[in-house]
Amino acid sequence: MPHHTKTITISTNGKALHEFTDEVEQWLASIDIETGLLTLFCRHTSASLLINENAASAVQRDMLRWLERIAPEHDGYEHDTEGPDDMPAHLRTVLTGASLQIPVVDGRMVLGTWQGIYLAEHRANPHRRQVVAHVMGE
Amino acid sequence: MPHHTKTITISTNGKALHEFTDEVEQWLASIDIETGLLTLFCRHTSASLLINENAASAVQRDMLRWLERIAPEHDGYEHDTEGPDDMPAHLRTVLTGASLQIPVVDGRMVLGTWQGIYLAEHRANPHRRQVVAHVMGE
Amino acid sequence: MPHHTKTITISTNGKALHEFTDEVEQWLASIDIETGLLTLFCRHTSASLLINENAASAVQRDMLRWLERIAPEHDGYEHDTEGPDDMPAHLRTVLTGASLQIPVVDGRMVLGTWQGIYLAEHRANPHRRQVVAHVMGE
């Protein structure tokens, strides 16, 4: 059964959600797989992956504000040598998770109408983030 | 290697946890797979999947109350055009996640004794939710 | 396509993060798979799996303190018959999740430089925790 892998690089410039649904869709379209399983894996401990509504941009802003509140900066962390945004970034990464799995049916991800795939950057400074995409199927 | 997919539809009627472990088990039993990987994927941004204790019903009620507190309604959201339960539903969906992966060994999911599979409905109004089940193995 | 499964048992002695990256790496090295998908699944509702930075031990301590705050003990739970740490353990398990998926490329997990695999024990008393590892590939 064929496997395919690809590393997707996303350049970030501060805390934000970066949608990359189209890039994944285009890669899948270039591969001859009808039915299978797609996995996306983020190789970092201060950036993460999530699926979120991609229609209203206010949803993304509310999501980022909620992440600020739920794992705030300057909250008495012992690990504070890499800047006030570092430990909250680790916490938000664990909360949202490093990987996503999406079944592929009829050659396409089974995403719902409003579901978009996002990289969440949790650090304040620019980074280049690597997401490994893996699909197996036939 | 065989793949199998099935769409499970769950009708909801307000915020609740809906266990559907039995439905997944019955589907798996109808398929000739001894060893493999099961993926469940929820096609929505205001309902999600989780594994939780299925013995004491009070656990489910405490879980729902905790979700209310951790992503409360009326918390100053910018995105408020679809009702006060909408943005919290997106947040709770990201917190709990859209997919579950469970290995299959000897033809059965390797769930622990107390683990049940739940759809978490985060919206107040009735919905019909689609969960795509995918298994591959041999 | 080959499948391999293994049950990893981790003995715990109170709330802590237990890294077991090496054990997974050694198991993978003993198997002849070049490209594939690894899944780790925790068979419990009061212990969970997560990927976290494994360089600074203070990160793990901050993570545990954050989990205490986000799902605290003695928070008015209805389910309190199994001790004050039980219901928070269920909540922290749902927050962090029961499974991890990591692509395998060139015979190794594609973990980033700082990513370690952890079992999070959320109960105060000693337990023996089972994590089922499953890999398929070729």
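View 1. Along the principal axes, the C-alpha atoms of chain A fill a box of roughly 50 × 30 × 20 Å. Chain A has three helices and eight strands, and along the sequence these follow the pattern β-β-α-β-β-α-α-β-β-β-β. Here helices (H or I, at least four residues) and strands (E, at least two) are DSSP runs, numbered from the N terminus. Of the 138 residues of chain A, 49% count as buried, a word used for a residue with 20 or more other C-beta atoms within 10 Å of its own, whereas 12 or fewer makes a residue exposed and the range in between makes it partly exposed, with C-beta atoms placed from the backbone. Among the contacts in chain A with a separation of 6 or more, 83% come from residues 24 or more positions apart, where a contact requires that the C-beta atoms of two residues, placed from the backbone, lie within 7 Å.

Residues are numbered from 1 along each chain as its sequence is written, while chains are lettered from A and ligands numbered from 1 in the order in which they are written. Because this is a predicted model, local features need pLDDT of at least 70 and side-chain atom pairs count only at pLDDT 80 or more, whereas totals for chains, interfaces and linings use all residues.

**View 2. Helix H3 of chain A and the residue that follows it.** H3(A) is mostly covered, since eleven of its eleven residues are buried; among them are Asp86(A), His90(A), Arg92(A) and Leu95(A). After H3(A) comes Gly97(A), which has a positive phi near 105°.

**View 3. The contact between chain A and chain B.** This contact takes 30 residues from chain A and 24 residues from chain B. On the side of chain A that touches chain B, strand E3 (36–42), strand E4 (47–53), helix H2 (57–70), helix H3 (86–96) and strand E5 (99–105) of chain A each supply at least two residues, and H2(A) gives the largest share, six residues. By class, this side of chain A has 17 nonpolar, nine polar and four charged residues; Ala, Val, Leu, Ile, Met, Phe, Trp, Tyr, Cys and Pro count as nonpolar, Asp, Glu, Lys and Arg as charged, and the others, Gly among them, as polar. Only 13% of the interface residues of chain A are also interface residues in chain B, so the copies meet through different surfaces. A rotation of 120° with 0.0 Å of shift along its axis superposes chain A on chain B, with an RMSD of 0.0 Å, and the two copies are thus related as by a three-fold rotation axis. The superposition is by least squares on the C-alpha atoms of residues with pLDDT of at least 70 in both copies.

**View 4. Strand E5 of chain B and the strands that pair with it.** Six of the seven residues of strand E5 (residues 99–105) of chain B are buried, so this strand is largely enclosed by the rest of the structure. Six bridges join strand E3 (residues 36–42) of chain B to E5(B) in an antiparallel arrangement, and Leu38(B) has Ile102(B) in E5(B) as its bridge partner. Two strands are said to pair if DSSP finds at least two bridges between them. Two bridges also join E5(B) to strand E6 (residues 108–109) of chain B, again antiparallel, with Val105(B) standing opposite Arg108(B) in E6(B). E5(B) and E6(B) form a hairpin with two residues between them, and Asp106(B) in the turn has a positive phi of about 55°.

**View 5. An open sheet of three strands in chain C.** The strands of this sheet have the order E2-E7-E4 and pair in antiparallel fashion. Strand E2 (16–19) and strand E4 (47–53) of chain C are the edge strands, each pairing on one side only. Seven bridges join E4(C) to strand E7 (residues 115–121) of chain C, and Leu119(C) in E7(C) is the bridge partner of Leu49(C). Helix H3 (residues 86–96) of chain C packs on the sheet, where this helix touches E4 and E7 of chain C, and its direction makes about 50° with that of E4(C); such angles run from 0 to 180 degrees between N-to-C directions, with axes fitted as lines to C-alpha atoms, for helices over the stretch in contact.
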